[in-house]
Amino acid sequence: MANELSGKLAGQVDKSRLPRHIAIIMDGNGRWATKRGLPRTAGHKAGAETFRKIATYCKNLGVQYLTVYAFSTENWKRSETEVGAIMALLKKYLLEAIDSMEKDSIRLKFFGDMTPITPELRALARETDGITKHLDRRDFQANICLNYGGRDEILRAARRFAADCAAGIRKPEDLDEAGFSGYLDSAGIPDPELIIRPSGELRLSNFLLWQSAYSEFYCTDTLWPDFDEGEINRAVAAYQKRDRRFGGVK
Ligand code: IPE
Ligand code: IPE
Ligand code: MG
């Protein structure tokens, strides 16, 4: 990988100005499968492999956080077969990840409401959280959004803040943006500088609503299972050409 990075693949990326945090809406699995005459679940399987490849690439590139949208609060509308297949793939991935997290120094965290997730998957997520806590905070961290919705995350944060107020720990008038961020699933993690959406859709679909306030967007027609290192390079290179003003004047 080191050779690959110093060679053609990293060509257009300035490694001294990388985003610290990249977020990806892993979309297009279903269409990828349908195009091949395969069931949608085959697309999710291919998409899970792509996640593994892209996470490794982001880590080796020097990005510190990668947040991926794996299953939204709205995705329960899909068939039981499809939802079951996605959950089974997550279980398989977590079992393999638990074996290799320490060796590869990869930290894994879940964003989302885990209450409706099966106890088995929840236990695996707790196990990965435990390993994450032992690892160095400077190690690469992948955040997996599971039963995640940006609105739901904000609601859950507001409820917890209200409960702290009722308990006398916090006062409503003391709440500021940094304080509220601390109640979100992403507490302690910088906002993503770059959000990538594959598959040609131009919407957020309830992803990171609070955190995306000043993110740069990169959309491409490539379907998620076809995503590769070159696509990440193109997205990062495009990000590096943006003029980020944050409401100011240069
Ligand atoms: C993204 O791919 C994965 C999930 C939403 C779980 P899709 O399954 O949405 O793929 P398309 O958009 O139907 O092609
Ligand atoms: C967003 O994709 C959710 C994930 C990728 C997990 P969707 O396929 O669910 O979004 P819409 O329905 O096209 O907005
Ligand atoms: Mg989709």
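Residues are classed here as nonpolar (Ala, Val, Leu, Ile, Met, Phe, Trp, Tyr, Cys and Pro), charged (Asp, Glu, Lys and Arg) or polar (the others, Gly among them). By these classes, the shell around ligand 1 has three nonpolar, five polar and five charged residues. The model is predicted: local features need pLDDT of at least 70, side-chain atom pairs count only at pLDDT 80 or more, and totals for chains, interfaces and linings use all residues. Residues are numbered from 1 along each chain as its sequence is written, chains are lettered from A and ligands numbered from 1 in the order in which they are written, and side-chain values use heavy atoms, with hydrogens and water left out.

The shell around ligand 1 holds 13 residues, the closest being D27, G30, R31, R40 and R78. A residue is near a molecule if one of its heavy atoms lies within 4 Å of it. Helices (H or I, at least four residues) and strands (E, at least two) are DSSP runs, numbered from the N terminus. Helix α2 supplies the largest share of this shell, three residues. Each of α2, α3 and α4 gives at least two residues.

Polar contacts are pairs of N or O atoms within 3.5 Å; within protein, one atom must be able to donate a hydrogen and the other to accept it, and residues adjacent in sequence count only if both atoms are side-chain atoms. A polar side-chain atom of D27 lies 2.9 Å from an oxygen atom of ligand 1. The backbone contributes too: an N or O atom of G30 lies 2.9 Å from a ligand 1 oxygen, and one of R31 lies 2.7 Å from a ligand 1 oxygen. On its own, ligand 1 has 370 Å² of accessible area, of which the protein covers 87%. Accessible areas come from the Shrake-Rupley method with a 1.4 Å probe; for residues, only the protein chains shown count as cover.

Ligand 2 is surrounded by I25, M26, D27, Y69, A70, F71, N75, R78, R197, R203 and S205. Five of these residues are nonpolar, two polar and four charged. Strand β2 (residues 65-72) gives the most, with three residues. Taken alone, ligand 2 exposes 390 Å², and the protein buries 77% of that.

Points are joined across faces, edges and corners, and a volume is the space filled by probe spheres set on them.

The largest pocket has a volume of about 620 Å³. Its lining comprises 29 residues, with M26, N29, Y69, A70 and F71 nearest the centre. Two or more lining residues come from each of α2 (29-35), α3 (40-61), β2 and α4 (80-104). The lining has 14 nonpolar, nine polar and six charged residues.

The largest cavity holds about 40 Å³ of space. Its lining consists of H21, T67, F111, S186, I189, P190, D191, P192, L208 and Q211. Five of these are nonpolar, four polar and one charged.

Terms used
On a 1 Å grid over the protein atoms alone, a cavity is a set of points where a 1.4 Å probe fits but cannot get out, and a pocket is an open set with protein on both sides within 12 Å along at least five of seven lines; lining residues have an atom within 4 Å of a point.
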